[in-house]
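Please keep the sequence and the structure in view while reading.

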Amino acid sequence: MRSLSELQQLLAQIDGRGYRAYKDLRGAVNLGDATLFIDHVQGDPFAAPSKLRVRVPLAAAGLPAPLLETRVRRLALADLLARRAADATRTSARRGSGKSGVVRVDAGGQEVLERTAVVFGDDWVELRLDAGLPAAGRRVLGRAAEDLLCGDVPRIARAGLVAEPADHAHLDTFVRCVENQEALRGQLGDAGLIAFVADGAVLPRASGASDRPLTQGAVPTTSPDTLRVSLRLDTPVDGATELAGLGVPRGVTLVVGGGYHGKSTLLQAIERGVYPHVPGDGREWVVSDPGLVKIRAEDGRRVEGVDIQAFIRDLPGGRDTRAFRSDDASGSTSQAASIVEALEAGATGLLLDEDTSATNFMVRDARMQALVHRDHEPITPFLDRVRALYDELGVSTLLVMGGCGDYFDVADHVLLLRDYQLHDASEDARRVAADHPTARQAERSGPFASAAPRVPLAESFDASRGKRDVKIDAPRVDTLRFGREEIDLRGLEQLVDGSQTRAIGHGIHLATRFMDGTRSLAEVLDALEAELERGGLDLLDPFHRPGEHPGHYARPRRYEWAAAINRLRSLRVESTTDEAPATP
């Protein structure tokens with residue numbers, strides 16, 4: 001391990017030399033009260049920045065011991081420390097060509113996620129960050145590098161990881177808020193709920209391009225008396241030991257109301273409620289069952305070997321939908337496939353919005369039934385399957401529906417939004433349904449049989465590109481490049497962070513180790529999650545060296561991993577049944 005003075009001498013020696021001279025920096029540096037690790041040095045100033053770590057003993061960090069006692073607390077504290085460090089990077093100066101002087105810490109948005117940015121050991125805490133080593137053209141700028149490595153990086157690490165006594169109250173508030181959210185989430189099952197929206201929650205966002213809360217003109221949520229529940233807090237908030245608010249029950253729940261009255265805003269808050277949120281977000285007291293999956297139509301997506309016969313059968317040309325394949329699925333077939341895939345991955349509830357659904361998949365009214373006979377319509381509308389999903393499989397549905405009252409006949413509860421305020425319209429909807437009976441006929445055909453498990457074939461996953469055996473990157477949160485393929489993830493509305501997308505790509509590559517030709521996709525996901533529980537997110541790095549900076553990852557849910565695999569155009573599967581596959 002080098003001393004700080006030895007690092008300074010080395011930087012002086014390589015000043016002005018070719019950029020590759022920076023390679024000599026690799027290794028550990030004793031900073032006195034911390035240790036700097038230079039794990040990877042970029043090849044030139046325009047390449048991906050160098051990977052650094054700064055490790056501080058817990059005794060020197062001054063972090064409150066109670067905040068390290070449980071997994072949830074450590075996850076929340078790590079998230080906050082990364083945010084503090086990221087804030088400190090804003091005063092780091094750019095120096096030289098390309099990415100020279102750029103310092104980046106992977107910190108999140110409004111959601112609190114498990115990340116690789118800050119990790120805890122038994123007696124230390126460590127910050128992982130990226131830094132662009134300074135250059136003029138492709139020549140080393142030794143003095144600027146000294147300012148960066150001996151000044152900026154230790155300063156950023158200390159700002160993030162080291163807590164003065166005056167900081168403790170803020171740390172405690174953040175961690176306890178996340179812990180309370182998880183406590184609320186843990187009570188949903190016993191309370192018979194799929195989601196909880198606390199009174200006073202602020203659901204609208206600042207704009208379509210910002211996930212921050214709307215601060216001017218937002219109407220706080222107030223729950224209707226008939227659906228108001230109270231859940232316990234682990235730690236009192238402003239003296240209160242419970243929170244009251246809307247409890248969304250299991251079963252089939254409709255969200256109705258006029259346009260622009262807040263229906264989709266409520267749905268989005270619930271779909272994002274599968275993650276804890278930062279204090280002050282407005283949605284921090286919106287918590288959802290972690291098994292809720294948002295479903296939408298996706299014209300043109302790939303579908304591979306999915307049994308969609310519960311929704312679609314008897315396609316023209318004799319195509320069998322027991323193992324449906326398409327390189328260019330329609331809105332209805334894509335939505336049907338997404339539902340079955342979510343169930344395959346273990347979803348406990350579905351979230352749908354009529355605005356992003358295929359109309360012919362959602363309903364066929366009486367007049368269309370009269371004109372187009374059932375014998376000539378391959379689609380069984382979701383309207384005629386939604387009850388079976390719950391009654392037979394125990395899978396709940398929360399559906400935003402503003403244009404079809406036929407759903408009143410199958411709903412357990414109807415929530416009405418008027419001027420952004422919630423009302424329980426269940427009895428009114430039942431009365432309307434009785435007074436205005438529909439002339440349509442139910443088109444359900446048989447029970448909702450569970451689809452046969454699919455076995456993904458490892459040989460259909462190729463992460464190579466060019467001369468690289470593994471080339472995976474995530475240029476945007478909704479785009480994943482896996483080898484030579486680009487996977488469109490725009491339909492995954494519960495994917496919230498680019499580091500999750502990166503983790504999905506490398507997780508798919510890791511998951512191929514468990515694809516032995518007998519394991520179903522669900523079993524592969526189980527094995528992947530068990531592996532990450534054992535070794536942490538660092539294992540996602542395909543070139544991982546134990547203890548070194550693995551890159552920036554944030555943990556996704558198994559449903560997003562499954563969804564990305566299902567959208568891979570090279571994917572090939574085998575069914576666990578002996579039934580013949582569909583004809584392409």
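## Packing of H12 against H13

At what angle do the axes of helix H12 and helix H13 cross? The model is predicted, and in it the axes of H12 (residues 498-511) and H13 (residues 521-535) cross at roughly 110 degrees, coming within 10 Å. That angle makes H12 roughly perpendicular to H13, because angles of 65 to 115 degrees count as roughly perpendicular.

On the H12 side, the contact is formed by Gly507, Leu510 and Ala511, and on the H13 side by Val524, Leu528 and Leu532. By class, this contact of H12 with H13 contains five nonpolar residues, one polar residue and no charged residues.

## Packing of H12 against H14

H12 also packs with helix H14, at an angle of about 70 degrees and with the axes 10 Å apart. H12 and H14 are therefore roughly perpendicular to each other.

Which residues meet here? From H12 they are Ala503, Ile504, Gly507 and Ile508, and from H14 they are Glu560, Trp561, Ala564 and Ile565. Six residues of this contact of H12 with H14 are nonpolar, one is polar and one is charged. Gly507 is named in the contact with H14 and also in the contact with H13.

## The cavity

How many cavities of 30 Å³ or more does a search of the whole structure find? The search finds one. The volume of the largest cavity is about 190 Å³. Its lining has 19 residues, and those closest to the centre are Val293, Lys294, Ile295, Ala563 and Arg567.

Strand E17 (292-294), helix H7 (331-344) and helix H14 (558-566) each give at least two residues to the lining of the largest cavity. H14 supplies the largest share, five residues. The lining of the largest cavity is made up of eight nonpolar, four polar and seven charged residues.

## The largest pocket

The largest pocket holds about 1,100 Å³ of space. It is lined by 32 residues, of which His40, Ala48, Lys51, Arg468 and Gly551 are the closest to the centre of the pocket.

Which elements give two or more residues to the lining of the largest pocket? They are strand E3 (35-40), strand E25 (472-476) and H12. E25 accounts for the largest share of this lining, with four residues. By class, the lining of the largest pocket has 12 nonpolar, six polar and 14 charged residues.

## Helix H6

Helix H6 spans residues 263-272 and is mostly covered, with seven of its 10 residues buried. The buried residues of H6 are Lys263, Leu266, Leu267, Ala269, Ile270, Glu271 and Arg272.

## Buried residues in loops

Aspartate 541 is found in the loop between H13 and H14. Is aspartate 541 buried or exposed? Its relative accessible area is 11%, so aspartate 541 is buried, the cut-off for buried being under 20%. Apart from neighbours within four places in sequence, aspartate 541 makes contact with His549, Pro550 and Tyr553. Aspartate 541 and leucine 422 are 119 residues apart along the chain, and a separation of 46 Å lies between their C-alpha atoms.

Threonine 356 sits in the loop between strand E20 (349-353) and helix H8 (359-362). With a relative accessible area of 19%, threonine 356 is also buried. Residues up to four places away in sequence not counted, threonine 356 touches Lys294, Arg296, Ala297 and Glu493. Lys294 is also among the residues closest to the centre of the largest cavity.

## Leucine 7 in helix H1

Leucine 7 belongs to helix H1 (residues 4-14). What is the relative accessible area of leucine 7? The value is 0%, so leucine 7 is buried.

Neighbours within four places in sequence aside, leucine 7 is in contact with Arg2, Leu25, Val29, Leu36, Leu149 and Cys150. Leucine 7 and asparagine 30 are 23 residues apart along the chain, and their C-alpha atoms are separated by 9.4 Å.

Notes: Residues are numbered from 1 along each chain as its sequence is written. This is a predicted model: local features need pLDDT of at least 70, side-chain atom pairs count only at pLDDT 80 or more; totals for chains, interfaces and linings use all residues. Side-chain values use heavy atoms; hydrogens and water are left out. Axes are lines fitted to C-alpha atoms, for helices over the stretch in contact, and angles run from 0 to 180 degrees between N-to-C directions. Angles under 35 degrees count as roughly parallel, over 145 as roughly antiparallel, 65 to 115 as roughly perpendicular and the rest as oblique. Contact means heavy atoms within 4.5 Å. Ala, Val, Leu, Ile, Met, Phe, Trp, Tyr, Cys and Pro count as nonpolar, Asp, Glu, Lys and Arg as charged, and the others, Gly among them, as polar. Buried means under 20% relative accessible area, exposed over 50%, partly exposed in between (1.4 Å probe, protein chains only). On a 1 Å grid over the protein atoms alone, a cavity is a set of points where a 1.4 Å probe fits but cannot get out, and a pocket is an open set with protein on both sides within 12 Å along at least five of seven lines; lining residues have an atom within 4 Å of a point. Grid points are joined across faces, edges and corners, and a volume is the space filled by probe spheres set on the points.
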